[in-house]
Protein chains: 2
Amino acid sequence: MSSTEKNHPTSRQTAGLSVSKKAYHHGDLRAALIEATRQLVEEKGPDSFSVSEACRRAGVSTAAPYKHFKDKTEMLVATVLEGMDRHRDKMLAALEGVPEGSPERITAIGMEYIAFALNEPGIFRLKFGGFTDRIADPRLEDGGQQSFGILLTEVAKCLGEPGITDEVRRRGFLLWSFVHGLSFILHDKGLAEKGEEFDLHTLLEDVSERMLS
Amino acid sequence: MSSTEKNHPTSRQTAGLSVSKKAYHHGDLRAALIEATRQLVEEKGPDSFSVSEACRRAGVSTAAPYKHFKDKTEMLVATVLEGMDRHRDKMLAALEGVPEGSPERITAIGMEYIAFALNEPGIFRLKFGGFTDRIADPRLEDGGQQSFGILLTEVAKCLGEPGITDEVRRRGFLLWSFVHGLSFILHDKGLAEKGEEFDLHTLLEDVSERMLS
DNA sequence: AACATATGTTAGAGACGCTAACTTGATGAG
DNA sequence: CTCATCAAGTTAGCGTCTCTAACATATGTT
């Protein structure tokens with residue numbers, strides 16, 4: 001996993017926030033709290049997460065986070081954003097070496113989408129499970145659009161379209177819906193119940209073909 | 001509309017018509033609390049829901065619910081179950097008058113699924129957004145299986161298969177994934193953003209045809 | 001009428017979110 | 001080097017929340 005050491009300035013902030021802060025007492029409490037939050041969200045589930053417990057894990061007082069985050073919600077949002085970054089990077093990495101314009105690129109994105117839901121169910125749920133519904137943060141919106149944009153680009157190439165046409169957008173939307181729903185179902189029921197009944201890769205290939213033909 | 005619930009001796013009856021239990025102090029506090037919970041979950045969102053506020057709305061003390069529910073989680077689960085009953089009934093009602101074996105029955109189910117996500121986003125999120133992930137309640141499992149079963153029955157008839165064969169299960173699973181994902185996306189982004197870009201009924205017809213052919 | 005039980009109440013413990021006020025330590029100016 | 005400044009931590013405490021314990025009362029059975 002991401003070995004966030006105290007000396008490494010690994011806290012890559014997304015646009016909009018102040019520049020990287022230097023190490024004072026703790027080192028990089030902001031990053032440490034995000035990591036603690038991520039762990040707890042995975043271990044106990046997003047509903048059972050508490051700021052206090054994250055503080056205990058980070059070894060600071062319960063008031064410390066409020067020097068870095070406005071409130072609990074912003075702390076979770078920051079953790080979600082960090083997860084979205086990783087998710088996007090992994091999807092892009094999954095495209096490496098796969099021939100341009102091949103439908104296999106679509107399934108590669110889908111497989112990575114599903115993998116994220118299964119490997120990081122807590123973050124997946126925070127990102128897509130409705131937690132962000134009532135939060136108006138442009139960074140959340142941008143992250144989602146970026147992921148969708150990656151898919152649309154591949155769909156356009158697969159269909160031989162010159163760019164993001166209406167037809168591309170429509171097909172992409174259908175594919176996105178399917179993969180999104182499939183991820184949720186697998187996330188809910190677990191790989192054991194449904195992942196063994198159907199081979200995921202075959203399933204994705206099947207759907208990609210149906211949607212792109 | 002009958003609640004098909006088998007009760008253990010302590011908890012008598014869910015809300016509904018066949019109230020074999022007479023009115024004591026309140027009348028039917030259990031049903032009142034479920035209704036208050038449902039309202040609050042829709043108004044404030046599941047995350048902001050508190051038992052205390054439901055008590056205020058029902059006009060009882062904050063300790064009263066614990067005579068009817070083990071804890072906050074069970075109170076929310078009861079509310080979700082009530083919503084699942086309504087959801088299932090509405091899906092069945094949507095099939096009335098639609099010719100047997102026609103793919104229109106598939107789209108009718110899908111439209112009702114989506115309608116639930118849009119009309120009752122709070123309950124939808126509680127049911128599918130991961131809240132029930134760590135809760136092992138057979139009634140939750142049964143409810144989901146029932147809805148899936150309705151779809152599978154229609155898929156079998158559409159494909160002309162004798163029963164729930166492996167192929168039916170596979171096609172149904174694909175359709176379910178798509179509708180599930182579509183509901184989530186519309187739930188997230190709202191009908192304004194995506195529902196205007198694409199006509200939902202046409203979208204569903206399109207996908208049904210692709211999946212069933 | 002008397003009793004047992006279901007259903008409500010008040011009081012309070014313990015956890016949590018968050019704020020106010022104080023303390024500490026790194027940094028840069030002179 | 002000294003010191004003022006300010007970021008980043010601390011403790012103390014308020015209000016709210018979940019849930020329990022102990023008590024009070026309605027119901028309906030006998």
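Mentor: B:Leu191 counts as partly exposed, because its relative accessibility is 41%, where buried means under 20% relative accessible area, exposed over 50% and partly exposed in between (1.4 Å probe, protein chains only). This is a predicted model, in which local features need pLDDT of at least 70 and side-chain atom pairs count only at pLDDT 80 or more, while totals for chains, interfaces and linings use all residues. Residues are numbered from 1 along each chain as its sequence is written, chains are lettered from A and ligands numbered from 1 in the order in which they are written, and side-chain values use heavy atoms, leaving out hydrogens and water.

Trainee: OK, and what does B:Leu191 touch?

Mentor: Not counting residues up to four places away in sequence, B:Leu191 touches B:Leu118, B:Leu186 and B:Glu196, contact being heavy atoms within 4.5 Å. B:Leu118 is 73 residues from B:Leu191 in sequence, yet their C-alpha atoms are 7.7 Å apart in space. B:Leu191 belongs to helix 7 of chain B, residues 166–195; helices here are DSSP runs (H or I, at least four residues; strands are E, at least two), numbered from the N terminus.

Trainee: Is B:Ser177 buried or exposed?

Mentor: B:Ser177 is buried, with a relative accessible area of 0%, and it also lies in helix 7 of chain B. Leaving aside neighbours within four places in sequence, B:Ser177 is in contact with A:Ser177, A:Phe178, A:Gly181, A:Leu182 and A:Ile185.

Trainee: Switching to chain A, how many helices and strands does it have?

Mentor: Chain A comes to eight helices and zero strands, and 50% of its 213 residues are buried. Among contacts in chain A between residues at least 6 apart in sequence, 65% join residues at least 24 apart.

Trainee: Why is helix 5 of chain A described as largely enclosed?

Mentor: Seven of the eight residues of helix 5 of chain A are buried, so that helix is largely enclosed by the rest of the structure. The cover over its buried residues includes helices 1, 3, 4, 6 and 7 of chain A, together with helix 7 of chain B.

Trainee: And how does helix 3 of chain A pack against helix 5 of chain A?

Mentor: Helix 3 (residues 72–94) and helix 5 (residues 121–128) of chain A pack at an angle of about 110°, with their axes 9 Å apart. The two helices are therefore roughly perpendicular to each other, a label for angles of 65 to 115 degrees (under 35 is roughly parallel, over 145 roughly antiparallel and the rest oblique). The residues of this contact divide into five nonpolar, three polar and one charged.

Trainee: New topic: which residues come nearest to DNA strand C?

Mentor: Of the 21 residues around DNA strand C, A:Arg56, A:Lys72, B:Ser61, B:Lys67 and B:His68 come nearest.

Trainee: What about distances to phosphate oxygens of DNA strand C, say from A:Arg56?

Mentor: An N or O atom in the side chain of A:Arg56 is 2.6 Å from a phosphate oxygen of DNA strand C. For B:His68, the corresponding side-chain distance is 2.5 Å, and for a polar side-chain atom of A:Tyr66 the distance to a phosphate oxygen is 3.2 Å.

Key
Axes fitted to C-alpha atoms, helices over the stretch in contact; angles between N-to-C directions. Nonpolar A, V, L, I, M, F, W, Y, C, P; charged D, E, K, R; others polar. Near = heavy atom within 4 Å. Polar contact = N/O pair within 3.5 Å; in protein donor to acceptor, adjacent residues only side chain to side chain.
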